[in-house]
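Subject: Structure handover

Hello,

Here is the structure for your files. My notes follow below it.

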Amino acid sequence: QPQVHYRGDELYVEDVRLADLAREHGTPLFVYSKASMLAALAAYQRGFAGRKAKVCYAMKANSSLAILQLFARAGCGFDIVSGGELERVLAAGVPAGEIIFSGVGKTRREMRRALEVGIRCFNVESEAELEVLSAVAVEMGKRAPVSLRVNPDVDPKTHPYISTGLKGNKFGIAHKDALLAYQRAAQLPGLQVVGIDCHIGSQITFMSPYLDAMDRILDLVDSVERAGIRLHHIDFGGGLGINYTGEQPPAADALWQQLLAKLDARGYGDRELMIEPGRSLVGNAGLCVTEVLYLKPGEQKNFCIVDAAMNDLPRPAMYEAFHAIVPLARNEVKPATFDVVGPVCESGDWIGRDRKLSVEPGEFLAVLSAGAYCMSMASNYNARGRPAELLVDGSQVHMIREREDVADQMRKEKLLP
Ligand code: LLP
């Protein structure tokens, strides 16, 4: 990630020295690089050059308003999964026609609101949802544009918690049931079939699952269209992985070169394409700065206790995920091996295990690849306020979210009479 680099012994994001930000704004602190996000988006845009295609940023990865604004200005649409995400993306100034709505459990209220503002498409995940969405639309005198999310049943070879395209999980409509579901959708008075959708998982680092999924989806496009139902767009979901610890996922443009070749070969090169990338647009554009509070040597392990915790960075605790941890200032301290842990009262509150670090209390560390699924999954556990967020643009620094204080946390609560 060229935007995150050392100058001499000090870590920078673009042209800004991180130690200065840590001193000015306190820690834990998320810092993002605008150039890095735009570079990640550009890789997809290069891949789609000359095509009718829409990158719909999966905002669950990082739903901070300024980041939504950034992607909207760069021409993105948005993939949402809740009424809350809908209101956030509207608040960022995004037109409803740029929004697609995924998720297995849309409520009637969420459907009504999305129909009222006029979103681009609902990605419907079950036969039952088709019936409900049609009924809600009829009540409102509207027709809901729909794609069916089909489960291509390919193994994305990723962590089981984030693999979504296999038979045994809750997402999508089974491949073998999809044609019938399409025929039903075409009959329902409140629906307008517009496309097909799939999403096979997250942090995918190989090309082959995508290529297999494309074949499976295009087989289905064949049979749905043979049944007289026209599919105007093909939404291929998100899931492309990033480098956390030496993974080498395919580049977005190289992947799409191969996928587009398949589309063309099967005669579907004219269809509008949509994708829903999240992590690959923001993951490596962000990091979390944290201060070393204490070093605690032990018989079996040495602990490096920092001021960031599982509430700020939940991925290690939830998925045993690896995030690189590096110093803000390289120094001459003798390195030792530590478990990097937070102040939360749980053994699961760790950020890195068995890391070789040269650290002393009072120094700062950066937890890398923290742009995706960190702040958006942060909580207030242990009554910890969520961190501040900064967006760096060259030598400019934009405060995009202030640190949460206790008043923010208690705002909705009521004491007993
Ligand atoms: N589309 C749908 C329907 C999804 O469910 C997801 C992610 C995406 C797009 C975006 O996938 P991405 O490009 O970011 O891989 N919290 C986990 C990841 C959960 C992913 C859930 N779905 C983590 O921290 O690894």
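Start at the β20/β21 pair. Strand β20 (residues 388–393) and strand β21 (residues 396–401) run antiparallel and are joined by 5 bridges. Strands here are DSSP runs of E with at least two residues, helices are runs of H or I with at least four, and both are numbered from the N terminus. Two strands count as paired if DSSP finds at least two bridges between them. D393 has Q396 in β21 as its bridge partner. The two strands form a hairpin with 2 residues between them. In that turn, G394 has a positive phi of about 65°.

Two conventions before the rest. This is a predicted model: local features need pLDDT of at least 70, side-chain atom pairs count only at pLDDT 80 or more, and totals for chains, interfaces and linings use all residues. Residues are numbered from 1 along each chain as its sequence is written.

Confidence
The mean pLDDT of the chain is 96, and 97% of its residues reach 70 or more. pLDDT is the predictor's confidence in each residue, from 0 to 100. ipTM is 0.99 and pTM is 0.97.

Ligand
Which residues are closest to the ligand? They are A58, S202, G238, G278 and Y373, out of 20 that surround it. To count as near, a residue needs its C-beta atom, placed from the backbone, within 6 Å of the molecule or strand in question. The shell divides into 9 polar, 7 nonpolar and 4 charged residues. Nonpolar means Ala, Val, Leu, Ile, Met, Phe, Trp, Tyr, Cys and Pro; charged means Asp, Glu, Lys and Arg; the others, Gly among them, are polar. Helices α10 (279–282) and α11 (315–319) each supply at least two residues of the shell. The ligand lies between domain 1 (4–32 + 283–410) and domain 2 (103–275), because both give residues to its shell. The domain bounds come from an automatic or database domain assignment.

Y373 sits in the loop between β19 (364–367) and β20. Y373 is buried, with 25 other C-beta atoms within 10 Å. The cut-offs: buried is 20 or more other C-beta atoms within 10 Å of the residue's own, exposed is 12 or fewer, partly exposed is in between, and C-beta atoms are placed from the backbone.

Other backbone points
A383 also has a positive phi, about 55°, and is not a glycine. A383 is in the loop between β19 and β20. A383 counts as exposed, because it has 9 C-beta neighbours inside 10 Å. T27 and P28 are joined by a cis peptide bond, with omega about -10°. P28 is in the loop between α1 (18–25) and β4. Why flag these? Most residues other than glycine have a negative phi, and most peptide bonds are trans.

Strands around β14
Strand β14 (residues 286–296) pairs antiparallel with β4 over 4 bridges. L29 has V289 in β14 as its bridge partner. β14 also runs antiparallel to β19, joined by 4 bridges. There, E291 stands opposite F364. A further 4 bridges join β14 to strand β15 (residues 303–306), again antiparallel. K296 stands opposite F303 in β15. A hairpin of 6 residues links β14 to β15.

β1 pairs with strand β2 (residues 10–13) over 4 bridges. H5 has Y12 in β2 as its bridge partner.

Annotated residue
UniProt lists C345 for "active site", in an unreviewed entry. UniProt positions are in the numbering used here, feature names are shortened, and annotations may be inferred rather than shown by experiment. C345 is in the loop between β17 (336–341) and β18 (350–357). C345 is exposed, because it has 9 C-beta neighbours inside 10 Å.

Regards
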